[in-house]
Amino acid sequence: MTPPHPTKRPTDAAHLDDAVGDQADDLPRELLTLPWIDPHNHAHTLSWADRERYALSGCRSMLMVASGYHWTPYKPVAADDVRFLWDDAINRRGAIERDHFFEAKLGLGIHTGVRIENPDELLDAMADYCELDEVVAVGETGVTPSQHVSRWDLAGQRAVVGAQMELAADHDLPVILHTPNTTTDSRREYQRPPGTPGYEKNAGLGQDPVIDADNPALEAAKIDVELADEAGLDEERVVASHADRNNTEWLMEQTDCYLSYTIGHSWLIGVTAADVANAIDEYGPDRIMVDTDCANVLRTDPFALKRAIFELYRYGIDVDDIRQVVLENPRDVFDFEE
Ligand SMILES: [Zn+2]
């Protein structure tokens, strides 16, 4: 028994036992130093100081995704523009590891957010890239309901996504899908054109959808999984990044894919650690990951995953389940170091 506090009058400390029971003796100190893996970011586009933030907050490994039209200066995009992005990431990856000590691997793919004029040239080159040790995933890719600047018809997108699924199957690599998000209700309908503050993209150049469905974002995910099946790529080798309230139920109940919840730009897509906690409660931790998708073109937070670890605990998730979703699952799927 500790003696009563010598405070002048009673304080909250006198009632701690009533408030938290014996929790105070059982705090999850291990979460302070739990290593974690970010299986989807664009950290090679961030600043040195941002990458240091990953290291400072315990990032053990990361998968830097070198695909995306955001970084190509020309629109529509030509194959060489994307090839430059792959090569830039390959060029700098080793130095990033040496400076920050975490393991940094690459995902290379053909993003469908804007039409690429000669995608076959990229697909032809991709097989050799898939052979590289530092390339541990194909992607991010997947069918996109509407493009920036230049529409890409569904048949064309299917062909280029399907071909990447085949490459992944041939090289025994997992695929990262940029599963389309639905935006949250809380965002305002009107914002001053041309865009969304916090996102360096001219939203006024968004094109009409190429998918005609009630739920185009979910329809896109369904097409992606169908393409994986057709290519003979096991669904357990597909990681649907940007899992959200619109696609979780279908992905969990109708597929064997992994779901990765993107929590590095919650202000934009509305997905938070609460969604991750809800998914763990409902479906268990076996097919769940968390990623940041941090990139220089939008307001993102390199501390987001570390913060989510604490949030998950506060939301009642067990330490073992937290470790599984932030460390073990991405390590196993992408074959990161033990
Ligand atoms: Zn991304």
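1. A residue is called buried here if 20 or more other C-beta atoms lie within 10 Å of its own, exposed if 12 or fewer do, and partly exposed in between, the C-beta atoms being placed from the backbone. With 26 C-beta neighbours inside 10 Å, His242 therefore counts as buried. His242 also has a positive phi, near 65 degrees, though it is a residue other than glycine. Its place is the loop between strand E6 (238–241) and helix H7 (248–254).

2. The model is a predicted one, in which local features need pLDDT of at least 70 and side-chain atom pairs count only at pLDDT 80 or more, while totals for chains, interfaces and linings use all residues. Residue numbers start from 1 along each chain as its sequence is written.

3. On the overall make-up: the protein chain has 11 helices and 8 strands. The radius of gyration of the chain is 21 Å, close to the 20 Å given by the globule rule for 338 residues, so the chain is as compact as a globular protein of that length. That radius is taken over C-alpha atoms, and the rule is 2.2 Å times the number of residues to the power 0.38. Helices (H or I, at least four residues) and strands (E, at least two) are DSSP runs numbered from the N terminus. The C-alpha trace spans about 75 × 45 × 40 Å along its principal axes. Of the 338 residues, 43% count as buried.

4. On contacts: two residues are in contact if their C-beta atoms, placed from the backbone, lie within 7 Å. Among contacts between residues at least 6 apart in sequence, 75% join residues at least 24 apart.

5. Helix H3 (residues 79–100) and helix H4 (residues 119–130) have axes that come within 9 Å and cross at roughly 25 degrees. This makes H3 roughly parallel to H4. The residues making the contact are Ala79, Val82, Arg83 and Trp86 of H3, with Pro119, Glu121, Leu122, Ala125 and Tyr129 of H4. Axes are lines fitted to C-alpha atoms, for helices over the stretch in contact, with angles from 0 to 180 degrees between N-to-C directions. Angles under 35 degrees count as roughly parallel, over 145 as roughly antiparallel, 65 to 115 as roughly perpendicular and the rest as oblique.

6. Two cis peptide bonds deserve a look. One joins Lys75 and Pro76, with omega about -5 degrees; Pro76 sits in the loop between strand E2 (59–66) and H3. Another joins Gly139 and Glu140, with omega about 5 degrees, and Glu140 belongs to strand E4 (residues 135–141).

7. Val149 is not a glycine, yet its phi is positive, about 70 degrees. Val149 is in the loop between E4 and helix H5 (154–170). With 16 other C-beta atoms within 10 Å, Val149 is partly exposed.

8. In helix H10 (residues 304–314) the buried residues are Ala304, Leu305, Lys306, Ala308, Ile309 and Leu312. Their cover includes strand E1 (36–41), helix H9 (273–283), strand E8 (288–291) and H11.

9. Asp335, which follows H11, has a positive phi near 60 degrees.
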